[in-house]
Amino acid sequence: MYVAVKGGEAAIDAAHRLLAERRRGDPAVPELSVPQIREQLALAVDRVMTEGALYDVDLAALAIKQARGDLVEAIFLLRAYRTTLPRLATSEPVDTATMRIARRISATFKDLPGGQILGATFDYTHRLLDFALAAENASPPAVAPVRTIPAEAMPRVTDLLDTEGLIEAPETARTAAPVDITRSPPTYPAPRDQRLQALARGDEGFLLAMAYSTQRGYGHSHPFAAEIRQGQVSIEIVPPELGFAITIGEIAVTECHMVNQFKGNEAAPPQFTSGYGIAFGGAERKAMAMALADRALRAREFGEEITAPGQDDEFVLSHSDNVEASGFVQHLKLPHYVDFQSELDLLRRLREGWNTRREAAE
Amino acid sequence: MTATAERLSGGYNFAYLDEQTKRMIRRALLKAVAVPGYQVPFAGREMPLPYGWGTGGIQVTASIIGPDDRLKVIDQGSDNTTNAVSIRRFFAKTTGVAVTTRTADATVIQSRHRIPETSLRAGQIMVFQVPIPEPLRWLEPRETVTRRMHAEADYGLMYVKLYEDIARMGRITTAYDYPVMIHGRYLMRPSPIPRFDNPKLDRSPALMLFGAGREKRIYALPPHTPVKSLDFDDHPFTVERWSQRCQRCGSADSFLDEIVMDDRGTRRFVCSDTDYCDGRLAPQAP
């Protein structure tokens with residue numbers, strides 16, 4: 001009986017039917033809806049949008065549902081969808097100085113124009129399981145209506161530092177169109193646009209570990225969280241037939257500026273340098289990790305000695321994409337009968353040679 | 001695109017990729033054919049199949065396939081392994097082209113880890129799925145460095161590695177994905193095919209295309225390109241051999257899979273190339 005090579009087709013169909021059944025779980029439990037995921041698992045949605053590189057809360061929620069809550073799988077689903085979309089326009093750079101703020105904190109100034117706004121944060125919660133949540137239909141406590149702060153009343157901390165020249169000047173408007181890492185293969189050393197795009201799509205866990213390693217001495221980095229701001233920003237495009245910018249919508253983002261010291265050189269006085277992080281929605285851990293990783297990867301630019309993985313752009317950026325990493329790690333599940341047969345053949349010959357040599361020696 | 005293909009593909013373009021992307025990939029392919037063995041960077045797209053599962057080969061196939069093609073997809077030599085089934089279905093769904101398991105009937109053959117036993121002919125195209133395109137990668141992890149080594153044809157490191165194998169182990173210990181020199185210029189990974197298949201690359205009448213999706217590289221062997229497996233005069237290149245014949249079709253000259261029959265060491269050896277094996281058992285009318 002020879003069965004080893006047949007049955008693949010039927011097995012795949014059966015596996016997919018089983019997957020659909022497992023996805024649904026116990027039919028006695030009500031099915032999760034896409035709006036429920038969108039509203040109640042919003043931070044999962046934000047992560048999937050950020051690393052999936054597509055801002056669409058409903059599609060991200062659908063992807064999470066389809067992936068049974070496996071966020072890396074959901075990110076993959078969103079990426080595979082995104083890659084087919086036509087590019088209709090390129091937006092103007094987002095101006096986070098005009099953000100409609102939902103949260104804004106600075107770890108560098110006790111008080112500053114606009115003040116500190118905690119917003120909805122896990123910070124300062126005691127991580128005690130809330131068994132009251134297990135009971136359904138509990139309504140949340142009433143919150144006072146959020147007061148809107150005029151954007152001009154809340155300047156960015158880096159802009160405040162810039163007025164004194166204490167921080168490197170922000171990059172002036174560039175003439176060349178930024179590289180699009182989904183449309184051109186990466187090159188190293190990575191220019192700033194390529195680095196920031198790759199970090200923005202990078203796996204949160206990986207970047208968190210890289211950022212953490214720079215804090216623990218693998219690459220010297222002494223950062224301060226100058227500012228974290230979260231809120232709605234406008235997306236503007238300039239249609240060629242109009243010639244001026246129009247707003248086409250708003251997205252929620254979290255932005256993080258880290259500042260680090262720089263000793264200066266002949267060309268530049270001692271000043272702060274910055275690491276930049278941004279993520280969709282409330283993906284704050286990601287934005288902070290990205291900012292640390294970004295600054296560490298600028299080591300070459302500032303003439304710092306490159307000694308640690310977190311400072312090595314080819315290492316970090318080549319391994320930060322979880323869709324690539326997940327696929328390649330998991331491809332080991334695919335059959336490797338042929339290569340393994342070659343290895344077996346080789347190993348048997350090596351052992352023959354070893355035995356022959358040993359017998360000759362005895 | 002035909003109405004049938006449009007219906008089958010569910011709103012996606014013929015062969016999934018948009019025409020702009022196909023054009024970009026074809027340009028990379030043309031360059032690859034013009035400089036045999038050179039790895040051409042290309043802007044690999046995210047595919048609806050995972051990286052590492054053949055996205056490079058799929059993008060190459062998607063860029064060259066036309067409605068009149070007949071596609072064969074194999075993995076480990078077999079048309080019926082799960083990933084081969086999955087990729088064949090992907091193209092059947094997105095192109096509606098005819099598919100076949102017969103090597104002789106196929107115009108495009110996408111493969112992972114094997115070259116068919118049946119000799120290829122002029123006009124056929126082999127598409128290989130490549131996990132790691134860089135032959136020097138285990139010796140030097142940095143792309144910035146290996147690209148310079150290729151530019152300078154600086155392959156001494158590879159010969160040192162092969163020499164060290166012989167010094168330590170008595171023979172070269174690369175079992176598959178065995179490095180080859182293309183037309184005396186570029187060192188190339190043939191993708192993880194067994195050494196057994198390396199001689200089939202040499203001066204093949206078929207066009208050989210290699211796609212590495214995750215690593216975003218394409219390379220190629222135009223028909224009749226000289227391909228030399230690296231070796232030394234006193235340690236010539238050798239391929240795998242078996243003391244048995246295929247226990248199914250009796251072939252003595254094909255690559256055999258070893259199948260474990262029980263826990264007492266019983267093994268059965270059968271052809272890895274299922275189409276070749278089937279063809280020997282039930283010869284079909286030409």
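1. A nonpolar core here is a set of buried Ala, Val, Leu, Ile, Met, Phe, Trp, Tyr and Cys residues joined through C-beta atoms within 7 Å. With that in hand, a few friendly remarks on this predicted model.

2. On confidence, chain A averages a pLDDT of 90, and 96% of its residues score at least 70. Residues 1–5 of chain A are below 50, and this stretch has 7 contacts in the model beyond near neighbours in sequence. Where pLDDT is low, the predicted coordinates should not be read in detail.

3. Now to the cores. The largest nonpolar core has 58 residues, and those with the most contacts inside it include V48(A), A60(A), A63(A), I64(A) and M290(A). Helix α9 of chain A (residues 284–296) gives the largest share of this core, 8 residues. Another core, of 56 residues, lies apart from it, with A32(B), V60(B), F90(B) and M126(B) among them.

4. A293(A) is also listed with the most contacts inside the largest core. Not counting residues up to four places away in sequence, A293(A) touches L199(A), L207(A), M210(A), A211(A), G310(A) and V316(A).

5. How do helices α3 (residues 42–52) and α4 (residues 57–66) of chain A cross, and at roughly what angle? Their axes come within 9 Å and cross at roughly 105°. Angles of 65 to 115 degrees count as roughly perpendicular, so α3(A) and α4(A) are roughly perpendicular to each other.

6. The contact between these helices is made by A44(A), V45(A), V48(A), M49(A) and G52(A) of α3(A), and by V57(A), A60(A), A61(A), A63(A) and I64(A) of α4(A). By class, the contact has 9 nonpolar residues, 1 polar residue and no charged residues.

Methods: Residues are numbered from 1 along each chain as its sequence is written. Chains are lettered from A and ligands numbered from 1 in the order in which they are written. This is a predicted model: local features need pLDDT of at least 70, side-chain atom pairs count only at pLDDT 80 or more; totals for chains, interfaces and linings use all residues. pLDDT is the predictor's confidence in each residue, from 0 to 100. Two residues are in contact if their C-beta atoms, placed from the backbone, lie within 7 Å. Axes are lines fitted to C-alpha atoms, for helices over the stretch in contact, and angles run from 0 to 180 degrees between N-to-C directions. Helices (H or I, at least four residues) and strands (E, at least two) are DSSP runs, numbered from the N terminus. Angles under 35 degrees count as roughly parallel, over 145 as roughly antiparallel, 65 to 115 as roughly perpendicular and the rest as oblique. Ala, Val, Leu, Ile, Met, Phe, Trp, Tyr, Cys and Pro count as nonpolar, Asp, Glu, Lys and Arg as charged, and the others, Gly among them, as polar. A residue is buried if 20 or more other C-beta atoms lie within 10 Å of its own, exposed if 12 or fewer, and partly exposed in between; C-beta atoms are placed from the backbone.
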